[in-house]
Amino acid sequence: MDSFLKKVGEGIQTVSQEVGKHVEQALKPGSDTNPNQQGQNVQDDDAGNNSQTNHRFGSFAPQNSGNAKWYVDGASYFWAVSEALERAQESIMILDWWLSPELYLRRPPSDNERYRLDRMLRDAAERGVKVYVIVYREVQAALTLDSEHTRRALEALNPNIKCFRHPDHLPAGYDLKDNLGRIKSWANIADDVVLYWAHHEKLIIVDNRLVFMGGLDLCFGRWDTSSHPIADVHPGNIRNVVWPGQDYNNARVYDFDAVQKWEDNKLDRTKSSRMGWSDVALSLNGRIVNDLVAHFVDRWNFIFKDKYEKKNPGKYAQLTVPSQASGSHREDYREGHHGEHRGEHRGEHRGEHRHRYENYVDGLTEQFSKGFGGLGDFIPHGHGSGRGDGQQDIRIQLTRSCSEWSSGHKLEKSIQNAYIDAIKNAEHFVYIENQFFITATDPKQHPVKNQIGTAIVERIIRAWQEGQNFKIWVLMPAVPAFAGDLKSEGALGTRAIMEFQYDSISRGKNSIMGKLRQAGVEDPGRYISFYNLRNFDRINTSRTMADTQSRGGVSYEEARREHDEYVGSGGYSDNQGRYGRTDHYDRYQQEAHNVRDTTLDTISSAYMLGGPNVASLPWDGNPEDEIDAYVSELLYIHTKLLIADDRLVICGSANLNDRSQLGSHDSEIAVVIEDPNTVDSRVNGRPYRASRFATSLRRYIFRKHIGLIPDQRWDRPDQNWQPVDASPNKYDWGSREDQLVEDPLSPQFLQFWERTARSNTEIFSRAFHPVPNDRVRTWQDYDQFFSRHFIIPGQKEEDKKKDGQAAKQGSTEYGHIVKEEFPGGVREVKDWLSRIQGTLVNMPLDFLVDVDDIAHGLALNDFTEELYT
């Protein structure tokens with residue numbers, strides 16, 4: 001979605017201000033020039049509720065029940081999806097923003113050819129399973145998703161597979177720049193054209209009984225482990241490649257391109273890292289599935305009537321809601337405010353933990369701090385087992401963002417309502433992890449409209465006034481879109497989003513920090529803090545590669561490309577009857593078996609629990625080559641998650657911005673989960689009954705970010721890689737690491753968390769000079785800190801001359817070590833990097849803070865501003 005924002009924005013900004021005024025007027029609700037408006041820019045009402053329902057949050061669906069299982073990152077999630085697809089018997093329904101038929105659900109691909117997505121769907125269809133797919137139809141001039149390739153590739157597999165693309169945007173062949181005059185008529189064809197809103201939902205339903213949903217599309221770039229290796233060079237055995245072809249992606253260097261040619265990749269993985277992908281998803285079963293089936297069928301039938309009934313008569317048909325999937329129309333077992341389940345659960349208190357909690361956690365913070373001290377041997381007794389007495393169905397409610405254009409229904413923004421309600425009623429803390437953070441703190445604020453920021457400000461002010469120990473954590477990407485050089489003209493759209501985000505967080509009187517200070521809160525950071533994620537790795541360009549290349553007379557990259565083409569075609573002939581050449585691959589592999597290979601292909605385990613010390617890792621080759629092999633990149637947060645008080649979870653596809661939250665823009669789904677099964681816990685130093693689902697998810701995520709979970713291998717599935725109907729989540733309740741994160745408001749934990757973020761930030765800043773960075777307050781600082789060191793990623797020669805970068809840029813590959821920082825050579829580099837723990841870093845809130853307009857040059861008006869918010 002981020003590249004969509006950037007590229008469409010760069011096209012739209014060329015439209016003249018005069019034309020923009022006409023469009024703004026045409027798209028205003030109630031305008032005489034817009035008699036046929038069908039929700040493309042529906043006016044937001046104050047309540048934001050569907051007038052057809054009295055359900056909580058204004059959702060079309062009531063509170064329901066079922067079982068839920070969480071997945072942190074793509075490896076476990078996609079494995080679970082593969083298990084469900086493999087045993088599907090009746091139907092498979094898929095909603096996706098982007099779907100890559102060539103995606104491997106299990107890794108490495110060389111050992112899992114049958115688990116490529118298109119092959120799994122083909123095999124299911126051949127068993128008689130009906131497969132229904134809805135994908136977002138992209139703006140072709142702006143995005144490289146190629147949904148037409150998705151449709152053609154899937155429907156060619158078997159007649160049982162049907163694929164819809166929606167919405168239609170500009171007419172085929174329409175040139176935005178050459179046909180400015182026609183822009184005035186867009187509003188008059190709103191029934192047929194949606195300019196730039198997207199279907200952003202991610203949903204899989206198998207046999208009307210099992211659901212997968214959350215932030216992960218079935219597409220390239222999303223599969224990742226919780227260790228997030230960003231190097232994928234295997235000179236000793238190319239068959240160990242984990243990310244074939246374009247699935248190995250770093251869009252900050254090169255965006256996806258011509259994705260129907262899945263094996264083609266401009267990125268040289270011997271020089272450039274991939275970009276890690278952090279995400280959260282769910283699987284669900286039980287009665288809640290009924291609401292999701294009803295939602296999918298409703299969407300399918302709306303698109304059928306809106307487009308395919310006339311366009312392809314007889315090819316497609318409407319669907320009917322199975323009798324058991326009418327849950328959204330049944331009376332809820334109990335409607336009520338979720339606050340009824342907050343605070344101490346009546347009759348559920350099991351007594352205080354029988355261990356010296358504070359002293360023990362003090363010891364843990366020392367034990368897990370790299371280079372900071374001792375090992376504690378004290379193991380507490382009597383800690384909760386992690387399972388409450390008796391098991392009850394989890395309370396789950398489906399919410400969504402939709403309107404006339406996306407669903408044929410009146411405006412619904414129940415996701416935003418659920419977020420606001422969760423924040424307002426939180427008693428102790430809120431954890432937010434999201435791809436974007438754009439929100440308003442005042443109903444009259446322009447142009448941002450969603451009021452999540454208002455709820456945050458009001459809740460913090462109440463905590464300050466009442467002397468409460470209350471905390472909000474927000475994790476988001478350092479860069480919201482994929483520009484490598486933030487100073488380039490091509491990054492205008494990215495900088496516009498960043499400016500809206502900084503304005504939401506800390507800059508100006510309407511920012512969250514500004515509002516809090518105006519109310520008298522002298523230290524807003526006590527109540528709300530912002531963080532990013534970043535990691536590092538080492539590309540295995542050791543002597544093994546050089547020796548094998550010399551012996552075989554073929555380069556590693558040539559051989560690897562042939563391997564990727566082979567596995568990219570699933571190891572079988574594609575529609576053009578090609579298998580691809582493997583001469584170079586065969587020759588390389590033959591020689592690789594005769595060459596010593598003692599260097600690790602990835603060292604991502606080094607910053608995880610129990611991982612090796614970087615300083616002691618062997619390297620077979622020149623020390624200078626080892627320095628050049630270290631790489632770092634932001635760890636891209638794509639999650640859409642809120643956890644309140646370890647009792648309530650909101651998870652789905654919705655970002656924290658207007659596009660996702662208003663209902664009239666992008667279509668989204670999310671579920672609100674409240675698990676009545678509780679565990680003994682602590683909050684703010686006191687005994688507490690926490691929801692088992694919410695607290696296990698929150699604890700695992702916290703531990704992952706600060707490096708307190710073990711390295712996760714891509715080929716070692718466990719219980720957490722299975723669907724919810726096969727097994728529940730497994731969590732190590734009472735472990736040393738668990739107890740460190742058990743009470744998120746304890747001084748010991750807060751100090752450990754903040755110290756880890758601060759230390760990691762300092763280490764990455766010196767070693768790799770990443771931007772954004774707090775040392776960069778002006779564009780002059782940017783040139784000094786970043787531009788003069790690096791070869792600018794993905795920049796064309798003509799663009800370098802235009803931007804004046806040719807003389808400024810340095811000789812270091814983007815994302816690599818800045819050698820001048822380490823006069824002691826590779827030993828100093830390794831000692832420095834060995835201090836990194838996890839991936840947590842502070843968000844640089846002072847980046848370009850002294851620049852008045854960081855998106856200077858981008859023409860915004862009421863029409864185009866909505867694109868970026």
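Buried residues are those with under 20% relative accessible area, exposed residues those over 50%, and partly exposed residues those in between (1.4 Å probe, protein chains only). The model is predicted, so local features need pLDDT of at least 70 and side-chain atom pairs count only at pLDDT 80 or more, while totals for chains, interfaces and linings use all residues. Residues are numbered from 1 along each chain as its sequence is written, and side-chain values use heavy atoms, with hydrogens and water left out.

Helices (H or I, at least four residues) and strands (E, at least two) are DSSP runs, numbered from the N terminus. Strand 12, residues 471-475, is mostly covered, with five of its five residues buried. In a regular strand, side chains alternate between the two faces of the sheet. In strand 12, K471, W473 and L475 point one way, and I472 and V474 point the other way.

Strands are taken as paired if DSSP finds at least two bridges between them. Strand 11 (residues 429-434) runs parallel to strand 12 and is joined to it by five bridges; L475 in strand 12 is the bridge partner of E433. Strand 13 (residues 528-538) is also parallel to strand 12, with four bridges joining the two, and I528 in strand 13 is the bridge partner of I472.

P723 lies in the loop between helix 18 (692-705) and helix 19 (736-742). This residue counts as buried because its relative accessibility is 0%. Contacts (heavy atoms within 4.5 Å) of P723, not counting residues up to four places away in sequence, include K69, Y71, L210, F212 and S283. The C-alpha atoms of P723 and W70 are 9.5 Å apart in space, with 653 residues of separation in sequence.
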